[in-house]
Structures are given as structure tokens and as C-alpha cells.
Amino acid sequence: MKKGVIIRIGITYLVVIVSLVFFIFPMLWIIYSSFRTQPSIFTGEIISSVKEYTLENYKTILSVTDFVTYFINSFKIAIAVTLSSLIFSISAAYGLSRFRIRGKNVIILGIFSTQMFPIVLLIIPLYLIITSFGLLDTVIGVVIGHLILVLPFSVWMLKGYFDSIPVDIDDSAKVDGCNILRTLFYIIMPIAAPGVMVVGFFSFIVSWGDFLIISIINQSQRTATLTLVIQRLSAALLIRWGEVAAATTLTIIPTIILFSFVQRRLVEGLTAGALKE
Amino acid sequence: MEKKIKTRKRVFISSYNKYFLILPVIIIIGIFTVYPLIEGVRTSFTDKNLLKEEEQYIGFNNYTKLADDEVFWLSLRHSIILTIVVVLLQFVFGLILAWAMKQKVPGMPVFKSIIMASWVIPVAATVIMFKFMAQPDIGFINIFLKLIGFGDLNKYWFGDINTAFPFIVILHLWRNIPFYGIAFLAAMHAVPESYYDAASIDGANGWQKFRYVTLPCIRNIIIVMITIHVLWTFNNFDFVYLATGGGPVYATNVLPVYVYRKCWTSYSLGQGASMGTIMYIILMIYFIIYIKISGREEKT
């Protein structure tokens, strides 16, 4: 018995250590490399002398390129996607979770089945639609493109979350004279806050990390985002890895910071829909 | 008077408001997802090209052309193999990770809180990290191999025809295994402890408990995770496009990347759309089989 426990703990830590090396180390390595000079990276050594560590890469990225502009673009777009995705998916998920709606199951299945539409096929007409609306290379155009990526999953996740909140709560609010919107905002939302937070976070990181949509809709600096920029930097003929590492680090930091706020809720929110059924 | 209007308004709201709640999502998905799908399928029967104004219907020409296109068949095969291999490995490693995270040992809460970080960072950044590590001479993988005496393996791992594809698989695994692990863990926590006690009384060992108690209890989440990841992996464009662009010599080319190139490099939207339509048909067949199977199992 005792031996069994020791083996179990041993295997557990083995899995933990292998996982840390595989999942966490690559991130640490690129952050570490962003503080090294180009020559020290090219020595092929893991550790270099103290004077080879520098902030030069960050200075170059922030001053020579329009990195700040792209950062602001990414931020603007991601915030707009997050807010609009929340508004639309909260109301839809609440409607689908609480009311008798004709063809409800068809609607739910329909929304879920859009997940199987090949996005590369959708963007062909989407490009033409957005162009005809005059939204090419605009923030609104990009936001629309990102919304179709996040809405189906957001609605599905939130519906699962709302389903787990007892209907009695709505009923008692109704008795107290609350209408639908009041019930939703003052009674349900505070309870569903963790789920809402997760959906907001999900929308933000999908938008922040998107490459496909932005590569089609973007035409100029006006809407260029960080993913496009780091891709360009890393596809250059002579790659300056120190600077690429700095730019990449600056790109992942916001997502990591947000993640640290929601990580505890993330699981609960992501799996609410699936666990419920 | 005031009151009357108010009541009427309230009646109106309460009977129709529920439809207004879901309307915006329906409209957005309708205009920007469902309509593009239909329009995309229609485009596949035309010779639409970004460089010219008019388009003509050319029947199944795009499709017959595909039949002779070796790169198409290669990409199709890659897409299917990639999806199967990736989802299978993610599932197995996800289970192992979930099992480990369920053990109550010191440090586990911290581990659980950081492990999903790989899922939240942009794919473009992930690809850069791995491309950087895979660089010849200066990449960590090659530095490490040299340290342990395998210096002659030194190469650009994404640029080698034999290792590029496995490295694409690794990118997918890196991003998604923690998500599987965390999701499975959440489901495992929902399994009542009494089930395990009952199994213990019946003399089940650790593996048997896992096989006959844990697995059946988390079946739902397993099905959901596998289903969405089959769709996501098969449709995934970023990893291959950013890491290898489909190369070297088409060794990693998958359908989404080929469609993208047809449309936005050669500008033949019709050709691209026909391949996109085939992708859609494949996924639809998968989806129908999934619904049939899950429906049948629910009945029994």
C-alpha cells in the first residue's frame, strides 16, 4: 500500500516536471532571449556574460518601429470585440436559456454547427461583403470578422452557465416586478459574473491572437495588429531574434496578465456548457 | 393614460422581448456566417477571380480540376492525418495530465494555475517561440542536443521534410493539451467520491477505477472536447501557414492553407471556394455521424 502511494506521487511529479518543461519553458526562453544582445544569442550559448544582457531590443522595437500604434490597434479591436460579444451573447444565451422560443433547439444546433464551417471558405464572401459595406481596413470591419469567430462559442458557453442558475431566482424577481432586462442585469448577471468574465476573456484572446481575419481585412497601418507585425518581423530575410523576442514578449504579456485574473474561473466557465448536459 | 401605455408596453415587451434577445446574434450569424457559407458554395461553381470583374458559372469545372491536382490530394491527406493524430494525442495526454492534477500533492495548485497559459497566448507568438527554438545552431533544441552529444542532428526542424510535420503536431499539442487536462479535471471533480468507495469495496484497483468509474463518468466532456477539437484542428490555418507556409515542398500543406493561397496569392476565388466546399462536406459528414452516434447512445 505504502509503496503504491510513493509510486503514485512519483509519477505525478514526473508528469508535472515534464509538463513544466514542455508547456512553460518555451515562453520563459523567449522572454529570457528578449533581454540578450543579438551577438550573444548567436553564440549558441545558454548563458552569456552579464554585460550581454540589455534592454536595447525593447528600445529598438518601441522607438524605431510603429509598435505602439499596432499595440493600440490590437487593444482597440480586442476591447470592441469583447464588449460587443458580451452584449450579444449574454442576451442571446439568456433568451435561449430561459424562454420558450419557437425552434429553440434548431437555433442552438444551428449556432453550434457554424463551428464546422471552414473559416477559409467563409472569408472569401466575407471579404467581398465587408468591401461592399466600405469596411475594408476599418476597425469595425475587423470587429465583425472577429465576432463571427467568438459568438457561437460564447453563446454556447453562457447558455450552459445560465442553465446552471435555478429558474426560481428569475421567478421571484418577476414577482417583485422586475422585467426581463432588470432581472437579467440586476439579478442574474451578478450570479453569472464568473461565466461572463470567462466569455469576455475568451473573446479578448481570440481577437488579440487572430491572424487569419486580420490578414485579409487589413490593408494598411490603420488596422495592423500585433500578430501581423510579429509575423512580419519573424519572416524577415535576416531575422533579428532579440527584437523578435522582445516584440513577442510584449504581445503575450497582456494575455498572460488577463489570464492571471481569470484563471481560477476559466475552467468552470469553459466547461459549464459541457458538464451540464 | 400614462399608465395604460406603460402596461401595453409591458405586455408587448414580455411577449416579444424574448425574441429581441436572440435576434442580434441570429442576424450577425446570418449575414456574416450563414450567408457567406452559401455564397462560398455558390462561388465554387464560378470562375470568380479577384483580378477581374465578371464571373461566369462553369459548372463542376473547379471540382474536376481538383481531381487532377496532386497537391490537393496531398493536402487533404495531411489534413485528415493531422486531425486524427493531434486529437488522439491531445486526448491521451490530456487524460494523463488530468489524472496528475487530481493528485493532492504539494505545489499542485500553483501548477494548475499556470498550466493553461499556453492556450491563451496568440498562435503567432507560439509559432515564433517554436521557430526560434528550432533554429539551427542558435535554437534551444539544437543547443540542447549538442549538450547531450547529438550535435550532428543540428538542423532547422521546421525546414526538414521529415521533421516539419511532427513539429506542426507538436505546436497543436502544446497549445491544447492543458485545455483538455483542465476540462477533464473539472469533470473528474464532479464524480461522487462514493462511486470510488463502492469500487474499492468491490476490490477494484487504481486502473480499474479509472477505467470503469472515471472514464464513463466524464464521457460527456470527452465527447464535447473531441468534437470541437476535430472541427478546430481540421479548420486550423494559423499553425501551418505561420510555421512552414505548407512547406518544405508541400510536406506540411493542409487544406486551409491551400485554400488561402489559391484565394489570396493566386486570386482564384472559385478554385479556393471549391476546396473550401469539400472541407465543409467532410466536416458535415463527420458532424452527422457524431449526431447519429450520440443520439443512438442516448436512447439505449
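The model is a predicted one, in which local features need pLDDT of at least 70 and side-chain atom pairs count only at pLDDT 80 or more, while totals for chains, interfaces and linings use all residues. Residues are numbered from 1 along each chain as its sequence is written, and chains are lettered from A in the order in which they are written.

**Helices α8 and α11 of chain B**

- Helix α8 (residues 164-189) and helix α11 (residues 219-235) of chain B pack at about 160°, with axes 10 Å apart; axes are lines fitted to C-alpha atoms over the stretch in contact, and angles run from 0 to 180 degrees between N-to-C directions.
- Helices here are DSSP runs (H or I, at least four residues), numbered from the N terminus.
- Residues of α8(B), including His172(B), Tyr180(B) and Phe184(B), meet residues of α11(B), among them Ile221(B), Met225(B) and His229(B); two residues are in contact if their C-beta atoms, placed from the backbone, lie within 7 Å.
- This contact of α8(B) with α11(B) has 6 nonpolar, 4 polar and no charged residues. Ala, Val, Leu, Ile, Met, Phe, Trp, Tyr, Cys and Pro count as nonpolar, Asp, Glu, Lys and Arg as charged, and the others, Gly among them, as polar.

**Contact between the chains**

- Chain A and chain B each bring 77 residues to the contact.
- On the side of chain B that touches chain A, helix α1 (residues 2-43) of chain B gives the most, with 18 residues.
- That side of chain B comprises 59 nonpolar, 12 polar and 6 charged residues.
- The axes of helix α6 (residues 119-132) of chain A and helix α13 (residues 255-264) of chain B come within 9 Å and cross at roughly 20°, so α6(A) is roughly parallel to α13(B), as angles under 35 degrees are classed.
- Val120(A), Leu121(A) and Ile124(A) meet Pro256(B), Val259(B), Tyr260(B) and Cys263(B); the contact of α6(A) with α13(B) holds 7 nonpolar, no polar and no charged residues.

**Domains of chain A**

- Chain A is divided into domain 1 (2-52) and domain 2 (57-276), with bounds from an automatic or database domain assignment.
- The C-alpha centres of domain 1 and domain 2 of chain A lie 31 Å apart, and each of these domains gives 8 residues to their contact.
- On the side of domain 1 of chain A that touches domain 2 of chain A, α1(A) gives the most, with 3 residues.

Methods: Helices (H or I, at least four residues) and strands (E, at least two) are DSSP runs, numbered from the N terminus. Angles under 35 degrees count as roughly parallel, over 145 as roughly antiparallel, 65 to 115 as roughly perpendicular and the rest as oblique.
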